[in-house]
Amino acid sequence: MSKVLIIGAGGVGGVCVHKCAQVPEVFSEIVLASRTIEKCDAIASSVKERTGRDIVTDTVDADNVPELVDLINKHKPALVINLALPYQDLTIMDACLETGVHYLDTANYEPLDEAKFEYKWQWEYQERFKEKGLMALLGSGFDPGVTNVFCAHAMKHHFDEVHQLDIIDCNAGDHGHPFATNFNPEINIREVTANGRYWEHGEWIETDPLSFSMNYDFPEGIGPKKCFLMYHEELESLVKHLKGLKRARFWMTFSDQYLNHLKVLENVGMTRIDTVKYNGQDIVPLRFLKEVLPEPAGLGERTKGRTCIGCRIKGMKDGEPKDYYIYNICDHEEAFKEVASQAVSYTTGVPAMIGAMLMLTGKWTGEGVFNMEELDPDPFMEKLNIHGLPWTEVTFKN
Ligand code: NDP
């Protein structure tokens, strides 16, 4: 029985609150705080309607450490789940250290003016969390998150050595808008327009954005789709923790329509993350663009189709080569029926709830800063099957 404070009332925050509310034996009290109280209240009323549970709501500017400290001291949670934006990771970690509370997030810290997708800033908190006897769990979403746990599961149960890892993220859904992103537009576009990068034989190889693609035949009727090589943050921790790895890559599917719109937005300068003057005011074009694009939290009602995210892993088992694939398929409409959200927020909000549950029930404990693959995958894999993200594994005959 624990009180949890969730910060961020967007698409992912909404799912996480609904899912925590479904498990009252662990999450006995839930507080949701964000910048805009109306969004917190709308989620609270949806949860009340679906589960009968009361969610306490509050406001906070999560860029401001003293405000965060006051919020945490007011509500006294056992754990803070950070589902605001990557820009707020360090301020929320600072506030957790000051108040002596455990921390969890789903995306690595990003400086506002650089798209880096690196863990280095958060890994620097290692000693401070250790000294305070606190745990910080990084990247408890789907990718990063479940993909890291899939790798740990494969290492523990299927391989003696893992040589090749391909994380493949397919959204075969359609929201009917000419252009919209399924999670925060600013973070999504920063990620997609950045250079690609993969790891091979001990070094990083950089590629131009979306310049490298492959076709992958997705299971269960989804079929073949074009996937583009991108850099994704979990690669940084996985190459550190998966011993024997020779190559690690990340792939994502995009429709031609998405890519065409993105190209135009890039060409006209709307994806820039530096400051420009507009009517005497400083504005960042990408942040302005975000304001006029559809909100990811509002896409649920109109999104159809499925996501399929998984890991294709090759390596050795008992002296023989092994080719293995583990994946989850999530249906946008089913997710909407359950928690009023599309599957991209669902596949992130559910693992955030599961990571929190494992920390609060003492199944995942530790002092310091942890990436998901450093912890025992078994309880997490079990909870995925119970809480809406069942997984399937296939071994291919060579
Ligand atoms: P949204 O933009 O839908 O929601 C973000 C929320 O954070 C909004 O409610 C916003 O408030 C709030 N917020 C932003 N800045 C502040 C601030 N300074 N103080 C308080 N609240 C603030 O984003 P998503 O829900 O799509 O994404 C949430 C997080 O999940 C992001 O970090 C994203 O990168 C991550 N993510 C991780 C994935 C994974 O698989 N690991 C996949 C998808 C997302 P307001 O409404 O007022 O703007």
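**Entry 1: H1 against H13**

I began with a contact between two helices: Gly11, Val12, Val15, Cys16, Lys19 and Cys20 in H1 meet Ser345, Tyr346, Thr348, Gly349, Val350, Ala352 and Met353 in H13. Sorted by class, the residues of this contact are eight nonpolar, four polar and one charged. A note to myself before going on: this is a predicted model.

Next I looked up how the two helices lie. The axes of H1 and H13, which spans residues 343-360, come within 8 Å and cross at roughly 50°. H1 and H13 are therefore oblique to each other. Is the crossing of H1 and H13 left-handed or right-handed? I found that H1 passes H13 in a right-handed crossing.

**Entry 2: the second largest pocket**

I stayed with H1 and turned to open space. The second largest pocket holds about 270 Å³. Its lining has 16 residues, and the closest to the pocket centre are Ala9, Gly10, Lys39, Ile43 and Ala297. Two elements give two or more residues to this lining: helix H1 (11-21) and helix H2 (37-51). Which element gives the largest share of the lining? I noted H2, with five residues. By class, I wrote down seven nonpolar, six polar and three charged residues for the lining of the second largest pocket.

**Entry 3: H7 against H14**

On to another pair of helices. H7 covers residues 146-157 and H14 covers residues 377-386; they pack with their axes 9 Å apart, at an angle of about 120°. That angle makes H7 oblique to H14. The crossing of H7 and H14 is left-handed.

I then listed who touches whom. From H7 come Val146, Val149, Phe150, Ala152, His153, Lys156 and His157, and they meet Pro377, Asp378, Phe380, Met381 and Leu384 in H14. The residues of this contact divide into eight nonpolar, two polar and two charged.

**Entry 4: H7 against H9**

Helix H9 takes in residues 234-241, and the axes of H7 and H9 come within 10 Å, crossing at roughly 20°. Why do I call H7 and H9 roughly parallel? Angles under 35 degrees count as roughly parallel, and theirs is roughly 20°. H7 and H9 are therefore roughly parallel to each other. I marked the crossing of H7 and H9 as right-handed.

Thr147, Asn148 and Cys151 of H7 make the contact with Glu234, Ser237 and Leu238 of H9. I counted the classes here too: two nonpolar, three polar and one charged.

**Entry 5: the cavity**

Rolling a probe the size of a water molecule over the atoms shows where empty space is left. How many cavities of 30 Å³ or more does a search of the whole structure find? I got one. About 30 Å³ of space lies in the largest cavity.

I wrote down the lining of the largest cavity: Glu191, Val192, Ala194, Asn195, Gly196, Pro209, Leu210, Leu229, Met230 and Tyr231. Helix H8 (185-193) and strand S11 (223-230) each supply at least two residues of that lining. In class terms, the lining of the largest cavity has seven nonpolar, two polar and one charged residues.

Terms used: Residues are numbered from 1 along each chain as its sequence is written. This is a predicted model: local features need pLDDT of at least 70, side-chain atom pairs count only at pLDDT 80 or more; totals for chains, interfaces and linings use all residues. Side-chain values use heavy atoms; hydrogens and water are left out. On a 1 Å grid over the protein atoms alone, a cavity is a set of points where a 1.4 Å probe fits but cannot get out, and a pocket is an open set with protein on both sides within 12 Å along at least five of seven lines; lining residues have an atom within 4 Å of a point. Grid points are joined across faces, edges and corners, and a volume is the space filled by probe spheres set on the points. Helices (H or I, at least four residues) and strands (E, at least two) are DSSP runs, numbered from the N terminus. Ala, Val, Leu, Ile, Met, Phe, Trp, Tyr, Cys and Pro count as nonpolar, Asp, Glu, Lys and Arg as charged, and the others, Gly among them, as polar. Axes are lines fitted to C-alpha atoms, for helices over the stretch in contact, and angles run from 0 to 180 degrees between N-to-C directions. Angles under 35 degrees count as roughly parallel, over 145 as roughly antiparallel, 65 to 115 as roughly perpendicular and the rest as oblique. A crossing is left-handed if the near helix is turned anticlockwise from the far one by less than a right angle, and right-handed if clockwise. Contact means heavy atoms within 4.5 Å.
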